[in-house]
Amino acid sequence: MAGVSGRTGVRVVVVGDRGTGKSSLISTAATETFPETVQPVLPPTRLPADFYPDRVPVTIIDTSSSLEHRAKLAEELKRADAVVLTYSCDNANLSRPITFWLHELRRLEVRAPVIVVGCKLDLRDEHQRMSLEQVMSPIMQQFREIETCIECSAASQIQVPDVFYYAQKAVLHPTAPLFDQETQTLKPRCIRALKRIFILCDRDMDGALSDAELNEFQVQCFNAPLQPAEIVGVKRVVQEKLPDGVNHLGLTLSGFLFLHALFIEKGRLETTWTVLRKFGYDDAIKLSGSFLPVPAKRAPDQSVELTSESLEFLKRVFNLFDIDNDGALRHDDLDDLFSTAPESPWQEAPYRDAAERTAMGALSLNGFLSEWALMTLLDPASSLANLIYIGYAGDPSSALRATRRRSLDRKKRQTERNVFQCVVFGPKNAGKSSLLTSFLGRPFSGNYTSTVDESYATNGIDELQGTRKTLILREIPEDRFKKFLSNKQSLAACDAAMFAYDSSDELSWRRATELLVEVARQGEETGFGVPCLLVATKYDLDPFPMAAQDSAKVCQEMGIESPIPVSVKSGDLNNLFSRIIRAAEHPHLSIPETETGRKHKQYRQLVNHSLMLFSVGAAIAVVGLAAYRTYAARKNTSS
């Protein structure tokens with residue numbers, strides 16, 4: 001049975017120098033009796049679920065420090081949820097064994113929290129006593145992976161159960177995600193999560209938790225109400241330390257955050273973790289997957305889009321944070337909007353600079369919705385989580401929808417999609433990046449820089465019938481073309497493909513056609529054929545000789561439209577992006593055919609025609625036989 005944080009158990013590995021009391025510590029914890037003799041390395045020892053209040057069983061792994069067992073030790077440490085590092089309190093030089101093992105854990109790249117345990121407390125010479133704080137304070141400053149330190153005595157039964165309680169607690173209620181030990185402050189992600197929880201609990205949205213709201217919060221998280229005297233006491237503690245933490249309306253956000261910092265400082269991390277987990281957060285302080293019902297994509301040629309309900313919510317949010325009503329969100333506005341999310345999701349690739357912005361760098365409503373469309377397409381779980389972070393209160397399962405399979409769209413000769421992804425291929429210096437920047441309304445730059453990584457551009461396209469579609473362009477650098485096609489399902493996610501080439505350069509044209517043939521071949525082999533468009537860029541330059549004849553021949557042979565001439569430099573894009581949308585909306589057209597693919601198609605048609613003739617012939621034979629039998633029966637009856 002799973003306990004807090006969904007864990008079914010905690011695995012603790014005990015390490016330390018020989019003779020520090022590892023095995024005696026484990027045996028005493030399990031049996032509550034000090035063993036007179038103990039084997040050098042104990043087998044795995046299990047503390048049952050009811051041993052500690054969190055009701056999560058603990059498995060303790062004893063280890064040997066000898067050199068011949070180092071490989072086994074490293075293997076166990078890789079599987080550890082927590083590490084108990086032992087030293088002997090009767091050792092005059094405590095720091096050496098501790099630091100040796102801490103460096104060894106780092107060398108082995110152990111990421112588990114560490115509990116430093118001083119064993120044999122009963123043997124320490126009190127005349128040479130050095131406090132635990134004096135020994136460990138400089139070490140803990142150097143090694144932040146240390147969760148806590150404790151001294152114990154197996155022989156005298158002093159704090160033995162506490163050792164593995166702290167180890168379990170370090171896993172179930174870790175400090176690192178919540179609190180910065182160096183600055184003694186809550187970490188940013190923790191603050192953002194608690195701010196969201198505060199806003200959700202502030203039902204009347206007056207910026208403070210009233211006594212009634214505090215009580216409701218307490219019942220929701222801890223299944224027990226606060227007595228009036230307890231509420232007064234809580235607010236008094238906050239007000240004494242932080243005057244603006246309480247006002248005439250109740251507990252403010254700063255007071256709410258102060259309370260949680262106080263809980264953590266006093267070692268009551270389980271209080272804050274209980275609150276976070278009640279509101280759906282996992283150990284990384286992100287919404288756990290069980291709170292994110294993302295629509296299931298049963299096939300690779302399906303995509304995920306925002307529903308009309310979530311789009312209306314986003315429009316309201318945009319207007320709410322557009323404080324100056326200028327129709328755009330500045331950087332500070334976006335930071336404020338996402339202040340209840342773990343971080344702002346669009347500060348890194350592929351979202352950074354992927355949408356149209358104003359001259360001042362602000363995001364228009366169109367750009368805002370386009371960014372959401374891109375995030376929903378690429379990472380539906382992240383999109384849904386961020387919708388919830390910023391206040392989406394509807395049914396999470398109604399926020400996103402999975403589209404119909406593109407193969408089915410081809411059969412029906414239409415699509416219901418509102419977001420289309422077009423992959424942009426082409427040789428180097430063909431102007432692919434310039435097409436993406438022009439799509440975002442940015443000025444042409446004559447400085448050529450070869451694109452190294454994939455990039456995205458997203459924007460809304462208004463159609464003649466008044467509807468609006470979102471187009472996402474995904475540029476694939478030529479050097480990454482083979483890697484892209486190495487995934488046999490890579491074309492499944494594409495609604496259209498564009499092949500750009502420099503219309504003044506014959507080599508550029510030939511390379512673009514080679515890429516087109518490879519994409520067409522893969523589409524035929526995988527069944528994920530995609531509408532394709534050739535785009536003749538730099539049309540302000542003179543075309544290479546025979547350009548018209550060559551292009552006409554290739555397009556006729558492969559069954560696609562003639563190249564679309566464009567010039568980003570002169571601003572003549574020839575309605576390119578609307579034409580991409582139209583191609584994507586007709587998924588059964590403009591799919592290129594290779595000669596091999598055409599022969600296979602003709603063969604299938606011939607086989608199907610033969611089968612149809614055979615079926616018709618068989619049906620006629622059956623009807624004829626039935627008619628003959630009827631005739632014979634009548635003849636026999638009449639005679």
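**Burial, helix packing and aromatic pairs in a predicted model**

Gln218 is buried, its relative accessible area of 17% falling under the 20% limit that defines burial. The model in which this residue is described is a predicted one. Gln218 is part of helix 7, which spans residues 211–222. Leaving aside residues up to four places away in sequence, Gln218 touches Asn223, Ala224, Pro225 and Leu226. A further relation concerns Val275, which stands 57 residues from Gln218 along the chain; the C-alpha atoms of the two residues are separated by 9.1 Å.

At the level of the whole chain, 21 helices and 21 strands are assigned. The radius of gyration is 34 Å, whereas a compact globule of 639 residues would have a value near 26 Å. Along the principal axes, the C-alpha atoms fill a box of roughly 110 × 85 × 60 Å. Of the 639 residues in the chain, 47% are buried. Among contacts with a separation of 6 or more, 70% are made by residues 24 or more positions apart. The accessible surface amounts to about 32,500 Å², and carbon and sulfur atoms contribute 53% of this area.

The buried positions are Lys22, Ser23, Ser24, Leu25, Ile26, Ser27, Thr28 and Ala29. Helix 1 is followed by Glu32, a residue with a positive phi near 60°.

Aromatic side chains form 19 pairs in the structure. One of these joins Tyr281 and Tyr389 in a stacked arrangement, with 6.5 Å from centre to centre and 15° between the planes. Tyr281 is located in the loop between helix 10 (269–278) and strand 12 (304–306), and Tyr389 belongs to helix 14 (residues 380–389), so the pair ties together parts that are 108 residues apart in sequence. Both Tyr281 and Tyr389 are buried.

A second pair, between Phe338 and Trp372, is tilted, with a centre-to-centre distance of 6.2 Å and an angle of 35° between the planes. Phe338 occupies the loop between helix 12 (331–337) and strand 14 (363–364), while Trp372 lies in helix 13 (residues 365–378); the pair therefore ties together parts that are 34 residues apart in sequence. Phe338 counts as buried because its relative accessibility is 0%, and Trp372 counts as buried at 0% as well. Phe338 and Trp372 also belong to a cluster in which ring pairs link them with Phe318, Trp346 and Phe368.

Terms used: Residues are numbered from 1 along each chain as its sequence is written. This is a predicted model: local features need pLDDT of at least 70, side-chain atom pairs count only at pLDDT 80 or more; totals for chains, interfaces and linings use all residues. Side-chain values use heavy atoms; hydrogens and water are left out. Rings of Phe, Tyr and Trp (its six-membered ring) pair if their centres lie within 6.5 Å; planes under 30 degrees apart count as stacked, over 60 as edge-to-face and the rest as tilted. Helices (H or I, at least four residues) and strands (E, at least two) are DSSP runs, numbered from the N terminus. Buried means under 20% relative accessible area, exposed over 50%, partly exposed in between (1.4 Å probe, protein chains only). The radius of gyration is taken over C-alpha atoms; the globule rule is 2.2 Å times the number of residues to the power 0.38. Contact means heavy atoms within 4.5 Å. Accessible areas come from the Shrake-Rupley method with a 1.4 Å probe; for residues, only the protein chains shown count as cover.
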